[in-house]
Amino acid sequence: MQIVILLYPNMTQLDFTGPFEVFAAIPDAKIDLVWKSTEPVSDINGLTIVPSASLADAPQADLLFVPGGFGQAALIEDDEVLDWLQSQADGAKYVTSVCTGSLILAAAGLLEGYQATSHWYWIDQLKLFGAEPVSERVVIDRNRITGAGVSAGIDMALSLVAELYGEAMARTIQLGIEYDPSPPFDGGHPSRESEEIVAMLSARLSTIEEARWEVAEKAAARLKERRPAS
């Protein structure tokens with residue numbers, strides 16, 4: 001099982017490291033972390049990760065995975081990355097993401113006509129790219145598997161292992177990493193949080209909301225231009 005994970009500057013590291021921990025427990029897995037070069041990549045908080053391959057040298061993925069993060073806005077306008085994702089997806093058995101990684105897949109034209117999820121604050125942007133937003137922790141539509149915000153990456157990865165190897169393997173990995181969530185607060189999603197807390201976070205995110213929507217709308221328009229004429 002060749003797993004290829006896209007890294008990029010200003011991603012959210014937990015989007016990547018949660019699924020990585022699950023994928024690494026698959027007995028026959030080979031994982032490559034890929035970016036434009038093999039120079040260290042810093043996440044949004046300064047944690048550095050060293051890619052194992054460049055885009056040009058990356059092996060063909062059986063399983064392609066894209067994390068999310070604030071760097072997503074730059075990637076959905078990056079033709080080099082979008083072309084690479086399209087090429088990889090053509091040969092991949094599964095195309096997956098967590099959080100706003102689904103918007104990167106969508107900008108590459110890989111979620112049109114598919115149900116998908118993303119972080120609750122940004123999920124509606126999927127509509128711009130012809131995807132059907134579904135507000136669930138994990139959404140499986142044929143060979144597209146997407147996870148909601150950040151921590152949902154573990155759920156997505158375990159769901160994928162169950163699809164590939166059966167529930168027993170997924171449950172064994174879940175036990176091995178002691179994934180037994182018992183959050184200190186019954187929140188984490190707007191449907192289970194107070195209006196006050198939702199408003200506080202929304203106020204913080206609203207400072208970048210207009211710019212992020214503008215970028216997404218431009219990327220959606222460019223996707224239409226990039227499609228070959230039928």
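Tutor: Let's start with a term: a residue counts as buried when its relative accessible area is under 20%. Keep in mind that this is a predicted model.

Student: Okay, so is Asp78 buried or exposed?

Tutor: Asp78 has a relative accessible area of 16%, so Asp78 is buried. You'll find Asp78 in the loop between helix H2 (72–75) and H3.

Student: Which backbone nitrogen lies 3.1 Å from a polar atom of the Asp78 side chain?

Tutor: That's the backbone nitrogen of Glu80.

Student: Now the sheet. What is the order of its strands?

Tutor: Read across the open sheet and its 7 strands go E5-E2-E1-E6-E7-E11-E10, with mixed pairing. Strand E5 (53–54) and strand E10 (138–141) sit at the edges, each pairing on one side only. Inside, E7 (residues 94–98) and E11 (residues 144–147) run parallel, joined by 4 bridges, and Val95 stands opposite Arg144 in E11.

Student: Which strands does helix H3 touch?

Tutor: Helix H3 (residues 79–91) packs on the sheet and touches E1, E2, E6 and E7, with its direction at about 150 degrees to that of E6. Helix H5 (residues 152–165) lies across E6, E7, E10 and E11, at about 160 degrees to E7.

Student: And how do I look for pockets?

Tutor: Roll a probe the size of a water molecule over the atoms, and you see where empty space is left. Here, the largest pocket has a volume of about 1,200 Å³. It is lined by 41 residues, and the closest to its centre are His119, Trp120, Gly149, Val150 and Gly188.

Student: Which helix gives the most to that lining?

Tutor: H7 does, with 6 residues.

Note on methods: Residues are numbered from 1 along each chain as its sequence is written. This is a predicted model: local features need pLDDT of at least 70, side-chain atom pairs count only at pLDDT 80 or more; totals for chains, interfaces and linings use all residues. Side-chain values use heavy atoms; hydrogens and water are left out. Two strands pair if DSSP finds at least two bridges between them. Helices (H or I, at least four residues) and strands (E, at least two) are DSSP runs, numbered from the N terminus. Contact means heavy atoms within 4.5 Å. Axes are lines fitted to C-alpha atoms, for helices over the stretch in contact, and angles run from 0 to 180 degrees between N-to-C directions. Buried means under 20% relative accessible area, exposed over 50%, partly exposed in between (1.4 Å probe, protein chains only). A polar contact is a pair of N or O atoms within 3.5 Å; within protein, one must be able to donate a hydrogen and the other to accept it, and residues adjacent in sequence count only if both atoms are side-chain atoms. On a 1 Å grid over the protein atoms alone, a cavity is a set of points where a 1.4 Å probe fits but cannot get out, and a pocket is an open set with protein on both sides within 12 Å along at least five of seven lines; lining residues have an atom within 4 Å of a point. Grid points are joined across faces, edges and corners, and a volume is the space filled by probe spheres set on the points.
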